[in-house]
Amino acid sequence: MHGDAPVLAGDRQLVYKANHASNLTLRSGQDGMVRKNAYAGQGLMSAARVLRAVSSVILLGLALAVPGPLGASETATDDPLLAFSARIAGDDARTRVVVDFDGEPQFSVHYVAAPERIIIDLPATAFGFPAHDLAARGLFKDIRYGAMGEGSARMVLTAIRPVKLVLAEVQKNEGQGYRLVLDAEMTTKEDFAERVKAQTWVQSAALGVKSMQDMTGTATVDAANDGIFTIAVDAGHGGIDAGAAGLRTKTPEKDITLAFAKVLADKLNAQSGVKAFLTRRNDTFLSLSERVTLARQGGADLFISLHADTLGQKNIRGATVYTLSDTASDRMAAALAARENLSDELAGYSIDSGPPEVADILLDLARRETQAFSISLARRVVGSFDGQIGLINNPHRAAGFQVLRAPDIPSILLELGFLSNEEDEKLLLDEAWRDKVATLLVDAVIRYRAQSVAGGG
Ligand SMILES: [Zn+2]
């Protein structure tokens, strides 16, 4: 029934002041980037609750005072707003839409199923930006906007998969006007269905309007800061992207990383106060951005990506720990990162993530702090491996790995060894060796945790 809601029909909406919402939505960073701790969904939950209260008060007020067309008193008294520019950036896991208005827009959000859509209702708006500025991309395959009759306008964003808004708010521009910022993220089918179900499209018989019950549906409470130390264990490659292959056995890298990831997650989960989860549990393809998004959605405090690549020089062997850097520490690191970053292209995904201006907003702010933690973890891992298992010379290296780009989660990429080296290949396939390496990694994580707790991080 919800799926049949008249999305483009001219139904009137109860609107609320968007600034009620923006005061309540948790924000951090100058452009409202949602960071890990501000992410826990509770902010959205309470915002939704207050909005419900606000809606009913407005509803009541209107019932008593406004005999004419609803919403008119709120929205249609002046000239229409002008949406003078717009932009969109992101990928198949996370997409940001920004629309600039000359005045402060009130807005409401709905989710509609089959196909998955997000509906943004606005007061009367003239859309004055070129269509290609808001061409569908990332999570959205179709974006439409236009007038909905007197006093209202609507945007309809049709998604490629179940989707949720983790941020929807109006922010004041430094220069002219206001911007509506929508941050969409992939979500599960179940979560999307919940959002559709939780919102009320009920017609109020007396008023002939629908009440706008909440802004974001029932925000699922993402893993909060509950004292549990959470680690996302990422088995490199998968599905169509097999990664490297063993020199002798031809075993694909994706199998080795998955087997190791399972052992590591089990060992981490055996520790008290620690929870580990896998970004993939089986032989499926994940884009690099999906890996990062899954880590964030799982509330990860750490992200560990596991690999076992090949090198041209077959004599090189041993483990390497990588952290993110825009300038590679050495040529080998640069080449490896370039190859790993090809994963998305191999599977036919675009790695173009949009105009740098917007992409930077998503990546930049928390980076520096996070970087210090990533390096600290890398050192712990090297320290734990040292003398116990083979390490490459200069075992802590850095390069521009896409999968390490979570701005808010300390991340390392671990090359367990090289499938191009016969001795390493043997070890990588050896259960006892994997067990030992996983144990040493757990030690490093536990020490890192103790240190970061002591340091207040
Ligand atoms: Zn790899």
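Biologist: Quick one to start: in S13, which residue is the bridge partner of Phe 229?

Modeller: Val 274 is the partner of Phe 229 there. Keep in mind that this is a predicted model, where local features need pLDDT of at least 70, side-chain atom pairs count only at pLDDT 80 or more, and totals for chains, interfaces and linings use all residues. Residues are numbered from 1 along each chain as its sequence is written.

Biologist: What are helices, strands and pairs here?

Modeller: Helices (H or I, at least four residues) and strands (E, at least two) are DSSP runs, numbered from the N terminus. Two strands pair if DSSP finds at least two bridges between them.

Biologist: In what sense do S12 and S13 pair?

Modeller: Parallel, over five bridges.

Biologist: And in what order do the six strands of the open sheet come?

Modeller: The order is S13-S12-S14-S17-S15-S16, with mixed pairing. S13 (274–278) and S16 (391–399) stand at the edges with a single partner strand each, so one side of each has no neighbour in the sheet. From one strand to the next, the twist averages 20°; for angles like this, axes are lines fitted to C-alpha atoms, for helices over the stretch in contact, and the angles run from 0 to 180 degrees between N-to-C directions.

Biologist: Which strands does helix H7 touch?

Modeller: H7 (residues 331–341) packs on the sheet against S15 and S16, and its direction makes about 60° with that of S16. Helix H10 (residues 367–385) packs on the sheet too, touching S14, S15, S16 and S17, at about 175° to the direction of S15. Contact means that the C-beta atoms of two residues, placed from the backbone, lie within 7 Å.

Biologist: Let's talk about S14. How many of its residues are buried?

Modeller: Six of the six, residues 302–307, so S14 is largely enclosed by the rest of the structure. Buried means 20 or more other C-beta atoms within 10 Å of a residue's own, exposed means 12 or fewer, and partly exposed is in between, with C-beta atoms placed from the backbone.

Biologist: Which residues point which way from S14?

Modeller: Leu 302, Ile 304 and Leu 306 go one way, and Phe 303, Ser 305 and His 307 go the other. In a regular strand, side chains alternate between the two faces of the sheet.

Biologist: What does S14 pair with?

Modeller: S12 (residues 229–235) pairs with S14 in the parallel sense over five bridges, and Ala 235 stands opposite Leu 306. S17 (residues 411–415) also pairs with S14 in the parallel sense over five bridges; there, His 307 is opposite Glu 415.

Biologist: Switching to helix H6: how many of its residues are buried?

Modeller: 10 of its 10, across residues 288–297. Among them are Glu 290, Arg 291 and Arg 296. After H6 comes Gly 299, with a positive phi near 70°.
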